Amino acid sequence: MVILGSHCSMKAPKFLLGSVEEALSYGSNALMIYTGPPQNTLRKPVEALRADEAKELLRKHGITMDKMVVHAPYIINLGNCVRQETYELAVDFLRKELDRVQAIGAKYLVLHPGSYTTATLEEGMDQIVKGLNEVLCEKDEVILCLETMAGKGSEIGFTFEQIRSLIDRTNYSEKLGVCLDTCHIHDAGYDVSDFDHLLQQFDEIIGLDRLKVMHINDSKNIRGAKKDRHANLGEGQIGFDALAKAVHHEKLQHVIKILETPWIGDHAPYAIEIDMLKRSQYDAHALDALKNK
């Protein structure tokens, strides 16, 4: 059975319990959350997040906590070697976020590797390795998943070779996994429509055993644009059929797939898109109906 969900909000008063309720309303058996606002360091105490109630609700629906993915906040930039205070904040907050994820009971934390800003790509990669070596430790039970990036600006991690290099040079490489984002790799230049070949590339360079999470998104851009603009399924340049093949690929049944597609107006499209993926059938009428609500 495909493991499929979407990004879900977390807000007072229900916090994680509300996130799980939202996921279930979409027909999901997985979900992704932020533990607080993605653009700042404000965080509620773990004790206030109603994690035990969320776990119990998941259990009642036959879903284990390892299907709850956490995304690290965007303010974490381990690649910054120009501003020391930015790098130190990233190291400190990533360590705290790993501890929070472990306390919640989730297994995977997805991280954008970082950006080199006004330095060089090589200097930025060295800084990320340095940061990962400062953050990770032997006792960690959470797997930190480096996300494949689109190559926008000075982003690091837009080739499989870059991701592999970061993993290989990290002391606790066994604590690292990968999150493959379909929009990002398309925008970086990979051909998602030839998914078997793409997966072979990934396996040869990184290894399929590292692939823990996928973000399933269409792209508004042509392949190789390096822009990172998500589109709803079947509404972009990748196309529904290629994305459905990726979701249902026989070699990826164990991988958690998470939708990050744009809301349509003030409505989340996830129930419709999850249903489309389960049926492997694009439904333009359902998406149009959502647009006209």
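Predicted model: local features only at pLDDT ≥ 70, side-chain atom pairs only at ≥ 80, totals over all residues.
User: What makes helix 1 count as mostly covered?

Analyst: A residue is called buried when its relative accessible area is under 20%, and 7 of the 10 residues of helix 1 (residues 16–25) are buried. The buried residues of helix 1 are L16, L17, G18, S19, V20, E22 and A23, and what covers them includes strand 1 (3–7), strand 2, helix 2, strand 3 (68–71) and helix 3.

User: Why is the pair R43 and E97 called a salt bridge?

Analyst: The cut-off is a side-chain nitrogen of Lys or Arg within 4 Å of a carboxyl oxygen of Asp or Glu, and the closest N and O atoms of R43 and E97 are 3.7 Å apart, therefore the pair counts as a salt bridge.

User: What makes the pair of E235 and K291 a tie between separate parts of the sequence?

Analyst: The side chains of E235 and K291 meet in a salt bridge at 3.0 Å, N to O. E235 belongs to the loop between strand 11 (230–231) and helix 8 (240–247), whereas K291 belongs to helix 10 (residues 284–291), so the pair ties together parts that are 56 residues apart in sequence.

User: Why are E235 and K291 classed as they are for accessibility?

Analyst: The class of partly exposed lies between the 20% limit for buried and the 50% limit for exposed. E235, at 34% relative accessibility, therefore counts as partly exposed, and K291, at 43%, likewise counts as partly exposed.

User: How do you know that R279 forms a salt bridge with D283, and which other residues are linked in a network of salt bridges?

Analyst: The closest N and O atoms of R279 and D283 are 3.8 Å apart, which falls within the 4 Å limit. R279 is partly exposed at 37% relative accessibility, as is D283 at 24%. A network of salt bridges links R95, D99, K139 and D140, and a search of the whole structure finds 18 salt bridges.

User: What residues make up the lining of the largest pocket, by class?

Analyst: About 250 Å³ of space lies in the largest pocket. It is lined by 18 residues, of which Y34, Y74, H184, H230 and E260 are the closest to its centre. By class, this lining has 5 nonpolar, 7 polar and 6 charged residues.

User: Which elements give two or more residues to the lining of the second largest pocket?

Analyst: The second largest pocket has a volume of about 190 Å³, and among its 13 lining residues the closest to its centre are Y74, I76, H112, G114 and S115. Strand 5 (114–115) and strand 7 (155–156) are the elements that give two or more residues to this lining. The lining of the second largest pocket divides into 8 nonpolar, 4 polar and 1 charged residues.

Key:
Residues numbered from 1 in each chain as written. Heavy atoms only, no water. 1 Å grid on protein atoms, 1.4 Å probe; cavity = no way out; pocket = protein on both sides within 12 Å on 5 of 7 lines; lining within 4 Å. Points joined across faces, edges and corners; volume = space filled by probe spheres on them. Nonpolar A, V, L, I, M, F, W, Y, C, P; charged D, E, K, R; others polar. Helix = DSSP H or I, 4+ residues; strand = E, 2+ residues; numbered from the N terminus. Buried < 20%, exposed > 50% of the residue type's maximum accessible area, 1.4 Å probe, protein only. Contact = heavy atoms within 4.5 Å.
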